[in-house]
Amino acid sequence: MDQETWKLVLDYLSAKEQGKARELADLEERLQDWLRKDPQHQQDLDQALRLWEQTAILPDSEEWKESFDHIQISLQSEKPRQNKAFLIWSAAAAVIAIMAMFVVLNKSRQTALPVDQITWITKTSNPGKITNILLPDSTEIWLNAGSSISFPDNIRQASFRTVKLNGEAFFKVKRDPKHPFIVQSLNIQTRVLGTSFNIRAWKNSSPEVTVLTGKVAVSRDSAGVQSKAIHLVPNQKGICDLGSGLLHLENIEDARLAIGWTQGKMTFDQTPITTVFEVIERRYGVKIVTDQAFKACKLTAKFDNVSINEVLKTIQMTLDIRYTINKQTIYIKGGKCN
Amino acid sequence: MGENNTAGFNEDDVRTLDDKAFEDLYRRMYPTLKKYAIYLVKDIEDAQLILNDVFIAIWKNKILLINEKAYLFRAVKNGANNYHKISRSNFQHLEDDEVQEVIDVSADPFQTYMYKDRARMLYHLIDQMPERRRLIFYMYRIEGFSYKEIAALLDISVRTVEDHLVKGFQFLQERVLKNEAEFR
């Protein structure tokens, strides 16, 4: 519907709300003229009127609560008291209120609020820490260090159990065929009924979904439009190539390697050294500083749940680097890669 | 009627504000009023402070106003004016209509559509509008202000208000039609 028509519709609706009979008649006539021009117009108008109706009520949200709590805290120290300022204030307020009564048209608008409400809850694992989360539907989540996950507080009632993931997590989804479980992460969407799987979706790298049990559907999500899904079974992983955006399937030997991180393990297989450093930073909550690019340098190694010193010693031997540790910062120099 | 009623108005004009009524007022007014405060001062934290100062003053006076809406919006505007006087030196006025015209394309219709509640879906879309347009939408549809009242509160012309609403509704209609086509 073009702007001119919307303008007309809005004028018509407010004239109607305010009971301006004369204007209303005129506007109605213009609207009728417009309707006669094209049979499609009636449909457009009906939808416009529905939009008007449906936007009258703001869905409930819990956003106000947090800031309201701040007020409560600052008020607790001060008991309300009546004093001179109170009288001046209340007089002024009353005058404004009474004046406003004359100025503002008396609109009795219903502010009924819908009963249901969605608030998103976000859990974050700081670097160096893995968090174990149990959702209200009994789904278990291991959230890797440096990752965060959001889920709606009504996840038990919603028709889809939707969560949003940044980073990496291992899911053991409680089976519930009537309420599919959906994970949104980077540009992929993973949809399951009840299985266990790992999603790795770090920024600037190709997201991967690895299945341990059950069956998982992965699709590419571009601005809400889902590509055709690929279906994964245990010991398969789906990768969405960062460059091409294409989704493909890979068979792997042992899917359990993908969740080694839940036990503090790290596995690298021809992994670019810059990625290795990122993993170490998250795993141990440290910062790695280096003035070298380490291009074309890859590492294949397996670490159990060991100390950072042990990890660095191994890398030192493999790549011939030098390192110094200063509190949470690790400085790396040298190395035969350069 | 006691002699102490020096304020010169009938007690029927004001009701005492109890905890519940205060919380209620806050909850009802927060969504639009907070956006209004942000619009005026362009800083979320300062907006929150101004908003809460207004409510704290109301609470201390234990007064429930007859026309709370008009009062609250005016009070927030005054609060923002005082704020500008104090921090004018480092205040930079953003032309939000130019800055925030980009609509978040990543907010996906699929998820939007999953919101069973129609109003929730619509407000999900409304929240993607540029800052000023969204505020105008809230003031118009939720608070029930007229074009003229909105224009006065935002210091813009009535035509601009109308223009934003028309474009806002157009955007909603387009998005809803698109969704319905996709999920038919």
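**Notes on the predicted model**

1. In chain A, three strands make up an open sheet of mixed pairing, in the order β16-β19-β18. Its edge strands are β16 (287-290) and β18 (321-326) of chain A, each of which pairs on one side only. On average, neighbouring strands of this sheet are turned by 25° against each other, direction ignored. The model is a predicted one, and the points below should be read with that in mind.

2. β16(A) and strand β19 (residues 329-334) of chain A run parallel and are joined by four bridges. Within this pairing, T290(A) has I332(A) of β19(A) as its bridge partner. Helix α7 (residues 308-319) of chain A packs on the sheet and touches β18 and β19 of chain A. The direction of α7 makes about 155° with that of β18(A).

3. The loop between α7 and β18 of chain A holds D320(A). The phi of D320(A) is positive, near 60°, and the residue is not a glycine. D320(A) counts as exposed because it has 12 C-beta neighbours inside 10 Å, and the cut-off for exposed is 12 or fewer.

4. Helix α6 (residues 273-284) of chain A has twelve residues, which should span 16 Å at 1.5 Å a residue; the end C-alpha atoms are 16 Å apart, so the span agrees with expectation. The buried residues of α6(A) are I273(A), V276(A), F277(A), V279(A), I280(A), R282(A), R283(A) and Y284(A). Just after α6(A) comes G285(A), with a positive phi of about 65°.

5. Strand β15 of chain A contains Q270(A). Here, too, a residue other than glycine has a positive phi, near 50°. Is Q270(A) buried or exposed? Q270(A) is exposed, because 7 other C-beta atoms lie within 10 Å.

6. Strands β8 (residues 196-201) and β9 (residues 208-213) of chain A run antiparallel, with five bridges between them. R200(A) is bridged to E208(A) in β9(A). The two strands form a hairpin with six residues between them, and N204(A) in the turn has a positive phi of about 65°. β9(A) is also joined, by three bridges, to strand β13 (residues 236-240) of chain A, and this pairing is antiparallel. Opposite V209(A) stands G238(A) of β13(A).

7. Two packed helices are described by the angle between their axes and the distance between the axes. For α1(A) and helix α2 (residues 21-37) of chain A, the axes come within 9 Å and cross at roughly 145°. The crossing is left-handed. On the α1(A) side the contact is made by T5(A), L8(A), D11(A), Y12(A), A15(A) and K16(A). On the α2(A) side it is made by E23(A), L24(A), L27(A), E28(A), R30(A), L31(A) and W34(A).

8. Helix α1 (residues 3-17) of chain A also includes K7(A). Leaving aside neighbours within four places in sequence, K7(A) is in contact with E162(B) and V166(B). K7(A) counts as partly exposed, because it has 15 C-beta neighbours inside 10 Å.

9. Chain B has nine helices and two strands, and its elements run β-α-α-β-α-α-α-α-α-α-α from the N terminus on. Of its 184 residues, 37% count as buried. Among contacts in chain B with a separation of 6 or more, 67% are between residues 24 or more positions apart.

10. Helix α1 (residues 19-41) of chain B deserves a look. A straight helix of 23 residues would span 33 Å at 1.5 Å a residue, whereas α1(B) spans only 29 Å between its end C-alpha atoms. Where does α1(B) bend? The bend is at Y30(B) and amounts to about 60°, with a proline, P31(B), following within four residues. Buried residues of α1(B) include Y26(B), M29(B), T32(B) and L33(B), as well as K34(B) and K35(B). After α1(B) comes K42(B), with a positive phi near 55°.

Notes
Residues are numbered from 1 along each chain as its sequence is written. Chains are lettered from A and ligands numbered from 1 in the order in which they are written. This is a predicted model: local features need pLDDT of at least 70, side-chain atom pairs count only at pLDDT 80 or more; totals for chains, interfaces and linings use all residues. Two strands pair if DSSP finds at least two bridges between them. Axes are lines fitted to C-alpha atoms, for helices over the stretch in contact, and angles run from 0 to 180 degrees between N-to-C directions. Two residues are in contact if their C-beta atoms, placed from the backbone, lie within 7 Å. The expected span of a helix is 1.5 Å times one less than its number of residues. The bend at a residue is the angle between axes fitted to the seven residues ending there and the seven starting there. A residue is buried if 20 or more other C-beta atoms lie within 10 Å of its own, exposed if 12 or fewer, and partly exposed in between; C-beta atoms are placed from the backbone. A crossing is left-handed if the near helix is turned anticlockwise from the far one by less than a right angle, and right-handed if clockwise.
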